[in-house]
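Welcome! Take a moment to turn the model around on your screen before reading on. This briefing then walks you through some of its features, topic by topic.

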Amino acid sequence: MPYLCLLYFINYLDRVNIGFAGPNGMSEELKLSATVFGFASGVFFIGYLLLEVPSNLALHRFGARRWIARIMISWGIVASAMAFVPNGTVLIVLRFLLGVAEAGFFPGIILYLTYWFPQQERARIVALFMVAVPISTSLGATLSGLLIQWTDWRTMFLIEGLPAIALAFVTWFWLPDRPEEAVEEPQKEHWPLRKALTHPRILALSFVYFGIVYGLYTLGFFLPTIIKGLAPGAGIVERGLINAIPYVLGAVAMVLWARHGDRTGERKWHVAAPMLLGGVAIPVALYLENPVAAMVAVSVCAIGVCAALPTFWALPTSFLGGTAAAGGIALINSLGNVSGFAAPYVTGWLRDLTGTQKTGLWVVGVTMVSAAVVALVQRAGAEKV
């Protein structure tokens with residue numbers, strides 16, 4: 001688990017470090033508008049969407065060790081190449097290719113964890129894995145800020161891209177594919193692959209995940225810019241430390257909430273309640289003139305997003321197994337991560353259109369609340385739909 005967390009830390013940092021580069025020289029040097037920056041941030045998920053399902057099916061067939069190593073080398077090369085981007089067009093192309101390269105990593109790990117841990121422990125285990133998200137965003141903000149301050153945004157991309165290539169070789173030679181005595185967990189409901197890719201329940205869960213990730217990536221890509229506006233006198237490192245606060249709190253909430261979900265066995269409210277909390281908190285932050293109060297509201301939103309993430313994955317893994325799990329988990333992650341494109345692009349476009357962040361963040365709140373409602377009407381567990 002610590003090694004998987006390290007891999008996801010690097011994965012997520014390479015995905016969102018464009019958010020640190022943007023307000024610290026990249027947007028100015030490449031002459032990017034908020035709309036173009038949002039499009040470049042989000043186009044990653046178009047490539048990601050196209051290859052998620054086939055990549056996860058390949059992992060199920062060829063084994064986690066080989067396939068995850070292949071993914072890591074691919075994304076490490078593209079992430080490092082971001083250091084040499086000459087203009088906005090090339091930036092968009094590289095971000096698209098980064099999504100293609102990373103496709104299958106996250107759902108592959110979620111699938112991999114189902115091989116090792118029973119259903120009643122999965123929210124806690126996924127939380128321990130996904131705690132790399134807030135840690136990556138919090139420590140990553142400080143690390144990226146220091147690298148930019150000491151060098152520049154280009155060197156930051158290069159230095160943060162190389163570890164994926166190095167650890168790919170460790171993964172190839174060290175990561176085991178399955179437990180030696182692995183036994184398929186009995187499933188109350190056996191779904192064929194076709195059903196897992198077309199059933200309305202899977203599509204509904206995809207929308208729930210869309211809502212969670214919409215909030216996650218809006219914060220990830222635009223929080224550094226928002227903090228720059230709230231604390232214009234702060235330096236790069238100071239802003240990075242301020243950026244870390246919501247995610248440190250989110251990391252704690254993520255683990256504690258997942259443990260509570262496993263202990264009680266309840267799933268729907270453990271997904272919906274933090275989403276409702278986060279969805280209400282983010283618009284509130286828009287109308288708080290005091291920077292400290294605004295950061296409290298933003299932190300509450302981050303706590304809600306982080307708490308919902310691991311408990312969500314206990315829902316689909318409760319009724320999917322085998323090849324259906326490989327395809328279904330990948331499809332949910334793929335469709336849900338369309339919000340990774342929509343969130344930064346829509347937020348950036350609305351900022352250019354209105355001259356303020358408020359409209360875009362209202363959209364975040366409405367999306368999260370709507371997805372929470374859908375989560376509440378879902379059946380929990382593996383009963384017949």
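In which helix is R70 found? R70 is in helix α6, which covers residues 64-81. Keep in mind as you read that you are looking at a predicted model. The chain has 19 helices and 0 strands, and 59% of its 385 residues count as buried.

**The chain as a whole**

- Contacts between residues at least 6 apart in sequence can be sorted by how far apart the partners are, and 85% of them join residues at least 24 apart.

**R70 and its surroundings**

- R70 counts as partly exposed, because its relative accessibility is 31%, and the range for that label lies between 20% and 50%.
- Setting aside neighbours within four places in sequence, R70 is in contact with S55 and A101.
- R70 and I165 are 95 residues apart in sequence, yet their C-alpha atoms are 9.4 Å apart in space.
- Another arginine is placed over a ring too: R65 lies over the face of W172, at 5.6 Å from the ring centre.

**Aromatic pairs**

- How many aromatic pairs does the structure hold? There are 15 aromatic pairs in the structure.
- One of them joins Y112 and W116, whose ring centres are 6.0 Å apart and whose planes are at 55 degrees, a tilted arrangement.
- Why are Y112 and W116 about one helical turn apart? They are 4 residues apart in helix α8 (residues 105-116), so about one helical turn separates them.
- Is Y112 buried or exposed? Y112 is buried, because its relative accessible area is 4% and buried means under 20%.
- W116 has a relative accessible area of 34%, so W116 is partly exposed.
- F312 and W313 form an edge-to-face pair, with 5.1 Å from centre to centre and 80 degrees between the planes.
- Both F312 and W313 are buried.
- F312 and W313 also belong to one aromatic cluster, together with Y8, Y12, W75, F105, F106, F129, Y209.

**Cavities**

- How many cavities of 30 Å³ or more does a search of the whole structure find? The search finds 2 such cavities.
- The second largest cavity has a volume of about 60 Å³.
- This second largest cavity is lined by 13 residues, and the closest to its centre are Y8, R15, Y209, Y217 and N337.
- Y8 and Y209 are also members of the aromatic cluster described above.
- Helices α1 (2-16) and α13 (200-230) each supply at least two residues of the lining of the second largest cavity.
- Which helix gives the most to that lining? It is α13, with 4 residues.
- By type, the lining of the second largest cavity divides into 10 nonpolar residues, 2 polar and 1 charged.

**Two loop residues**

- K31 has a positive phi of about 60 degrees although it is not a glycine.
- You can find K31 in the loop between α3 (26-30) and α4 (34-42).
- K31 is exposed, because its relative accessible area is 73% and exposed means over 50%.
- G235 is found in another part of the chain, in the loop between α13 and α14 (236-264).
- At 25% relative accessibility, G235 counts as partly exposed.
- G235 and G145 are 90 residues apart along the chain, and 9.1 Å separates their C-alpha atoms.

**A buried serine**

- S299 lies in helix α16, which covers residues 291-312.
- S299 counts as buried because its relative accessibility is 6%, under the cut-off of 20%.
- Which residues is S299 in contact with, leaving aside its neighbours within four places in sequence? The contacts of S299 are I245, P246 and L249.

Terms used:
Residues are numbered from 1 along each chain as its sequence is written. This is a predicted model: local features need pLDDT of at least 70, side-chain atom pairs count only at pLDDT 80 or more; totals for chains, interfaces and linings use all residues. Side-chain values use heavy atoms; hydrogens and water are left out. Rings of Phe, Tyr and Trp (its six-membered ring) pair if their centres lie within 6.5 Å; planes under 30 degrees apart count as stacked, over 60 as edge-to-face and the rest as tilted. Buried means under 20% relative accessible area, exposed over 50%, partly exposed in between (1.4 Å probe, protein chains only). A charge sits over a ring if NZ of Lys or CZ of Arg is within 6 Å of the ring centre and within 35 degrees of the ring normal. Contact means heavy atoms within 4.5 Å. On a 1 Å grid over the protein atoms alone, a cavity is a set of points where a 1.4 Å probe fits but cannot get out, and a pocket is an open set with protein on both sides within 12 Å along at least five of seven lines; lining residues have an atom within 4 Å of a point. Grid points are joined across faces, edges and corners, and a volume is the space filled by probe spheres set on the points. Ala, Val, Leu, Ile, Met, Phe, Trp, Tyr, Cys and Pro count as nonpolar, Asp, Glu, Lys and Arg as charged, and the others, Gly among them, as polar.
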